[in-house]
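Let's take a walk through a protein together.

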Amino acid sequence: MAAKTRPSSSSSLVLIMSLFLLLLSLIVPSSVLSATLRSDIQALESIIRSVDPSSISPSSYLSTWDFSEDPCEGAGTFLGVMCSFPLENTTSRVIEIDLDDDGYDGFLSDEVGNLTELTVLSLNKNRFRGPVPETVFQLRKLTKLSLAENFFTGDISPEITRLKELKTIDLSKNSIAGEIPPRISALRSLTHLILSNNHLDGRIPALNGLWKLQVLELGNNHLYGMLPKLPPSLRTLSLCFNSLAGRISPLHRLKQLVSLDVSQNRFSGTVGHEILTFPEISRINVSFNQFISIEVIKVTGSRLRMLDAEGNHLQGHLPLNLATYENLKDINLRSNMFSGDIPRIYGKRLENSWRSLYLENNYLSGTLPEEFQKISKQIRGNLSNNCLQCPKNVQICQGTQKPKSQCTNAMLGSLE
């Protein structure tokens, strides 16, 4: 009869070690056994090392980044970081970094480019400085790049066109210079392109390929030249405070516009009736350009609430048809070359719906419509520096008037 074999000491040791490791996995906190890809953790460590510790307040998001715990596990840790839910036997990945505006002072680490699953990078309203790292353009899954209100410098790298999934680019209120990359139209998913308040120069490239673009804000730069081709999907267009010139007739195609601001440029010619009658338009600012006329046709159902055409060379009589814009509240036509009487219908609109009317620094003459003297509600406005018979008891009759001869000469000049 065969003798029974007894377990060897080595087999017993293996069994004991296996049981020990199983027990350890049950009692040791999961934060020690990292759930997040190690390279993602290292990237987050590098990001916080690139920020001046004295700018991290105790109540800020970055103050919660405690690397004794796993970034993707635990409640209340790593504020501003969002992770993916891993599948079985896979690690978590960092998919969003959205920091608070606590005034962090520092640089954006190159290692941010190792967060290859990142979809959102938002660092708005802080004091990050230096160029945007080229490694950002390795983040092929990025849908939102928002670095507004910092101190970033350098230019917009053409490599940005590699980020095909981008829907939002917001680099506003920085110190970014150079030209807008000509091939930015390759980013076909873009809905928001916000580059205002920088030092960009050159011409605006053709953007009609961005067929999903809804918001384009390029104001307060050093852009020049004519208007480029723009996508008809635009709802907000701001090009103010540049050196753009020529006609604005290319805007006639943008029938979905809600807000238009082309103020403080060198545009000339006519503000066409097509723009004033866009079905959704609410705000139009064409002030401080070189327009000589504005076409105001009779409309019904207009949503226009604000019209600002100050500081142009608009001539002729004040447009009667403004009174047919039933939602219009605020009108600014100061510092132009309008002449003749103020239409009586303006007085009726001030009685009923208009909140402000600025007509100073024109060549208007004659008596005021009697409704101006009956208005009891608070109206903002000014009629000074015309040639009007403006009673002192009328609220918006403030300041002095020109000699009548100036207005007569201006009217004769406009008829020639």
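A nonpolar core is a set of buried Ala, Val, Leu, Ile, Met, Phe, Trp, Tyr and Cys residues joined through side-chain atoms within 4.5 Å. Keep in mind that what you are looking at is a predicted model. Its largest nonpolar core has 103 residues. If you want to find the residues with the most contacts inside this core, look for Ile97, Leu121, Val136, Leu237, Leu251, Ile342 and Leu383. Several elements each supply at least two residues of the core, among them helix H2 (38-49), strand E2 (94-98), strand E17 (266-271) and helix H4 (344-352). Helix H2 gives the most, with four residues.

Now let's turn to charges. Side chains of opposite charge can pair when their charged atoms come close. In this model the count comes to 15 salt bridges. One of them joins the side chains of Arg93 and Asp40, with N and O 2.8 Å apart. Arg93 sits in the loop between E1 and E2 while Asp40 belongs to helix H2, so this pair links distant parts of the chain, 53 residues apart. Both partners, Arg93 and Asp40, are buried.

Another buried pair is Glu360 and Arg334, whose closest N and O atoms are 2.6 Å apart.

Are the partners in the salt bridge between Arg162 and Glu159 buried, exposed or partly exposed? Arg162 counts as partly exposed because its relative accessibility is 33%, and Glu159 is partly exposed too, with a relative accessible area of 30%. Salt bridges can also join into a network, as they do for Arg344, Lys348, Glu370, Glu371 and Lys374.

Next, visit the surface. Here Arg140, Lys164, Arg183 and Arg188 gather in a patch of positive charge. Arg183 has its place in the loop between strand E9 (177-178) and strand E10 (192-194). This residue counts as exposed because its relative accessible area is 55%.

For a last stop, find Gly219, in the loop between strand E12 (215-217) and strand E13 (222-225). Is Gly219 buried or exposed? With a relative accessibility of 1%, Gly219 counts as buried.

Note on methods: Residues are numbered from 1 along each chain as its sequence is written. This is a predicted model: local features need pLDDT of at least 70, side-chain atom pairs count only at pLDDT 80 or more; totals for chains, interfaces and linings use all residues. Side-chain values use heavy atoms; hydrogens and water are left out. Patches are made of residues with over 30% relative accessible area and no salt bridge: like charges are joined within 9 Å, nonpolar side chains (Val, Leu, Ile, Met, Phe, Trp, Tyr) within 5 Å. Accessible areas come from the Shrake-Rupley method with a 1.4 Å probe; for residues, only the protein chains shown count as cover. A salt bridge is a side-chain nitrogen of Lys or Arg within 4 Å of a carboxyl oxygen of Asp or Glu. Lys and Arg count as positive and Asp and Glu as negative; His and the chain ends are not counted. The place of a charge is taken as NZ of Lys, CZ of Arg, CG of Asp or CD of Glu. Buried means under 20% relative accessible area, exposed over 50%, partly exposed in between (1.4 Å probe, protein chains only).
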